[in-house]
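Subject: Structure handover

Hello,

Here is the structure I promised to pass on. Please open it first, then read my notes below.

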Amino acid sequence: MKIKDKVLHDYPKLSKTSRQIADYLLENPATFLTNNAQELGKITKTSAASVVRFCQQLEFKGLKDFQLQLAQDAPQKENDDFDTIVANGDTSTTVLLKLEKSLQQNLTEFVKLNNTKEIGIAASLLQQADSIYLEGVAASGLPAKDLYYKLIRIGRKAFYDDDVHIALEQSYFTTPKDVMIIFSYSGQTEEILLAARQAHHNQTPIIAITRDSNSALSQLASIILPLPSNEQLLRVGAINSLFSEMTMSCLLYLCLIAKDVPKLENRMKATSRITNHLKEKN
């Protein structure tokens, strides 16, 4: 079993100090390859003895044996193009802990990547837009649809369609007074690029939410809101990428409504009164 998997498997049984070391290890494994116990104690804000005990708790004789195994665990090139997150035979507890750590690291990287000035500019564009067009296919369609629902709820004129042909036809009618928001982790999806090219031709501002600042989509965008590039395009499923895109969807929405919360509250109450008629009365 790889060290990362073993740490996650044993995590519930570790002491508070060992968990502190484990947390740092999971986020910075390379650090444990190049530092001695004394240095690692300072880095993890524990002690040299605690680092050695941590290694022994994982059934290694000491730090050296631990480092040898950690070096062997480094991903091989032939496996770098497929992202599984889980390992064969992982228990539900291990999967839960892996997911927790993965999403925590993803959110930390998401915050570091994004510039609040750019987010503010994007929010201002949305505030001033006559209409907001949302684009996204497959997993990236989920955050697009989520933001579409939120915009409709607060009375904004927004367009989104699961049917790619309809979405492309809608892009023909964009104007310089509108905004198009495109969710695309790769930034290379052809359907998305067709919509982006049409919006660009119409001089419509484009907000691109993508991981690659050099992608074809990014070249067409007015503003790029970056996503962490920590998930391969060939993967067992969209996990971190979907989490990042949904986070950006929520972030844009919250920044947009922060400009007029009292008006929003009245609209929410009004729309709730309508939908309450659909709920079962007790």
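Which side chain meets that of Lys13 in a salt bridge? The partner is Asp10, at 3.7 Å from N to O. Please keep in mind that this is a predicted model.

**Salt bridges**

Some background first. Side chains of opposite charge can pair when their charged atoms come close.

Lys13 is exposed, with a relative accessible area of 66%. Asp10 is buried, at 9% relative accessibility. The cut-off for buried is under 20%, so Asp10 qualifies.

Next, look at Lys6 and Glu59. Their side chains also meet in a salt bridge, at 3.9 Å from N to O. This pair links distant parts of the chain. Lys6 is in helix H1, while Glu59 is in the loop between H5 and H6. They are 53 residues apart. Lys6 is buried, with a relative accessible area of 16%. Glu59 is exposed, at 67%.

These two pairs belong together. Lys6, Asp10, Lys13 and Glu59 are linked in a network of salt bridges.

How many salt bridges does a search of the whole structure find? It finds 6. One of them joins Lys145 to Asp162, with the closest N and O atoms 2.9 Å apart. This pair also links distant parts of the chain, 17 residues apart. Lys145 belongs to helix H9 (residues 141–153). Asp162 lies in the loop between strand S2 (158–159) and helix H10 (164–171). Lys145 is partly exposed, with a relative accessible area of 25%. Asp162 is exposed, at 51%.

**Helix H6**

Now go to helix H6, residues 63–72. Which of its residues are buried? They are Leu63, Phe66, Gln67 and Leu70. Seen down the helix axis, these buried residues fall within an arc of 95°, so they line one face of H6. An α-helix has 3.6 residues a turn, so residues three or four places apart point the same way.

On the other side of H6, Lys64, Leu68 and Gln72 are exposed. What do the buried residues of H6 pack against? Their partners are helices H1 (3–10), H2 (16–27), H3 (31–34), H4 (37–43) and H5 (48–57).

**The sheet**

Further along, 5 strands form an open sheet. Their order is S2-S1-S3-S4-S5, and the pairing is parallel. Which are the edge strands? They are S2 and S5 (223–226), and each pairs on one side only.

Follow one pairing in detail. Strand S1 (residues 132–135) and strand S3 (residues 179–183) run parallel, joined by 4 bridges. Glu135 stands opposite Ile182 in S3.

Helices pack on this sheet too. Helix H8 (residues 116–128) touches S1, S3, S4 and S5. Its direction makes about 125° with that of S5. H11 lies across S1, S3 and S4, running at about 160° to S3.

**A loop residue**

Last stop: Asn202. Asn202 lies in the loop between helix H11 (190–201) and strand S4 (206–210). Is Asn202 buried or exposed? At 15% relative accessibility, Asn202 counts as buried. Set aside its neighbours within four places in sequence. Asn202 is then in contact with Ser171, Tyr172, Phe173, Thr174, Thr175 and Pro176.

Best wishes

Notes: Residues numbered from 1 in each chain as written. Predicted model: local features only at pLDDT ≥ 70, side-chain atom pairs only at ≥ 80, totals over all residues. Heavy atoms only, no water. Buried < 20%, exposed > 50% of the residue type's maximum accessible area, 1.4 Å probe, protein only. Helix = DSSP H or I, 4+ residues; strand = E, 2+ residues; numbered from the N terminus. Arc of directions from axis to C-beta. Contact = heavy atoms within 4.5 Å. Salt bridge = Lys/Arg side-chain N within 4 Å of Asp/Glu carboxyl O. Pairing = 2+ DSSP bridges. Axes fitted to C-alpha atoms, helices over the stretch in contact; angles between N-to-C directions.
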